[in-house]
Amino acid sequence: MISIRAHLRRSKNQVFAFLVMAETTAPSAFYTLLCLVGSIILLLKLTKAVFSKRRGAAGLNLPPGPCPLPVIGNMHSLLGALPHHAMRRLARRHGAVMLLRLGHVPTVVVSSPEAAREVLKTHDAVVSDRPLYVTANILSYGGQNIAFAPSGSRQWKELRRLCATELLSPKRVLSFRPIREEAAAGLVRSVAAAAASLSPPSAVNLSEMIKVLMNDVLMRCAVGDTCPMREEFMAGLDEVLRLLAGFNLVDLFPGSRLARTLGAGSLRAAREVHERVNRIVLAIIQVLRESKQGSNDDGDRRDDILDVLLRLQRDGGLDTVLTTQVVCAVLFDVFAAGSETTATTTIWVMSELVRNPAVMQRAQSEVRQLLQGKTGVAEADVHGRLPYLQMVIKETLRLHPPLPLILPRSCSESVNILGYDIPKGTTVFVNAWAIGRDDKSWPDAEEFRPERFEDGTVDFSGTDFRFLPGGGGRRMCPGLTFGFANIEIALASLLYHFNWKLPNGANPCELDMTEAYGITARRKTELLLQATPFVPIDQ
């Protein structure tokens, strides 16, 4: 603090000396310089105030971090890179527990397994609420869905239990097996048809095909059929994810009237896309209700997720009221989280396999030896019997976690993380992307080496804090089993039926692996690959 004060005194003395000289040598420029110098002095005073504030009240030992600027805080430190990349770069300089100020929002970013353990296990009960900013409040039905509901509320506990025992239980996930198999077979036929229609052989847009597959699987598991407004619905979900990933002025400066005025356009966009998506979900619910009218036969009841929700809404059985708005909020959770994350992961797996031909060959050999002589892929034949493919999926999730920054948490009380005091109300991010690329935890962390998972000690349970593709603690993703089943059969089908390479003889190392900006770490460019049929397609 003494050095800061000395620096401010020296700066002000130099400024005043310069003013005296300017007044005697160039009187016409004096008043312009006076305004400029006044602004500089004000900036220095504000910087001094910010430094004083960072020392903390009552002697708090706040985490280190880059020096914030007045008003904007550390927002400038995130410019020019994806947020999780920029935060990793800053953490290498300031430490695994780092304090940022994003606008007016104090934010702690943790970037090591030890710090993640503190957040997701040691202090899980205290650091488990979601910071419900204005944008998220609009898009999450006022925090009534699973992702953003307060963790201590009865509603969140009931919805979480509902996911575990009804909506996404192992039994329910198993019941969706025919849907997954049919959809995967449809993907294979689509690839084969697209490849056959290209003369000379060229590239198929595998990204688009995988997105359609995952969306259709999710729609059929959630509401029993494909969505008649699928394109409009998918466009709406993309917009939702884009808005949730952005830094809206109102979210960064929650108490500012000016920010609310300047950010009105973004808030209006959030309300419009929310209304558009909600209208589609309500139409789906209405169609199902009409189809159920006059039918009391339990044998006619479908096993899809919406049917379970409407049955519980009608018959009760929960400690909270399952309103239509809550039903819409839960379905929105399933749609937004389910199709995007599974599609993104599957596309990254295929990208890494093409970049690593030896890994691709080993994964294909495993699938083809297991299914030798079969004309199609049945889940019963491959589930739990493709250990190398499972290692490939894990390694992909290590390098490309679908949510690189685990959805933010908020401290309901003050806590201490690795010796640093974190005040109540602070937002906490866990940088899963940075943790997965930490050389201390993963030797040669930037290399794609599925064999590092060969001993089977690292799984998806969220208890190994080096590997957090679904988060951890009470806020851990409840749909990991469902998502993994969708990914596994899609990959097994693609690897069994086709040989894959980049078009026009391109070098695998030249494949663009750039990530797009967003709440999920999807590819920036579409994955275009040349598919050569290997096993005849079962028509």
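In which sense do strand β2 and strand β7 pair, and over how many bridges? In this predicted model, strand β2 (residues 105-110) pairs with strand β7 (residues 427-431) in the parallel sense, over four bridges.

The model is predicted, so local features need pLDDT of at least 70 and side-chain atom pairs count only at pLDDT 80 or more, whereas totals for chains, interfaces and linings use all residues. Residues are numbered from 1 along each chain as its sequence is written, and side-chain values use heavy atoms, with hydrogens and water left out.

**View 1. The open sheet and its strand order.** Four strands, in the order β1-β2-β7-β4, form an open sheet with mixed pairing (two strands pair if DSSP finds at least two bridges between them; strands are DSSP runs of E with at least two residues, and helices are runs of H or I with at least four, numbered from the N terminus). The edge strands, each pairing on one side only, are β1 (97-102) and β4 (405-410). On average, neighbouring strands of this sheet are turned by 25° against each other, direction ignored.

**View 2. Helices on the sheet.** Helix α3 (residues 83-94) packs on the sheet and touches β1, β2, β4 and β7 (contact means heavy atoms within 4.5 Å), and its direction makes about 125° with that of β1 (axes are lines fitted to C-alpha atoms, for helices over the stretch in contact, and angles run from 0 to 180 degrees between N-to-C directions). Helix α4 (residues 113-122) lies across β1, β2, β4 and β7, and runs at about 130° to β7.

View 3. V108 stands opposite V428 in β7.
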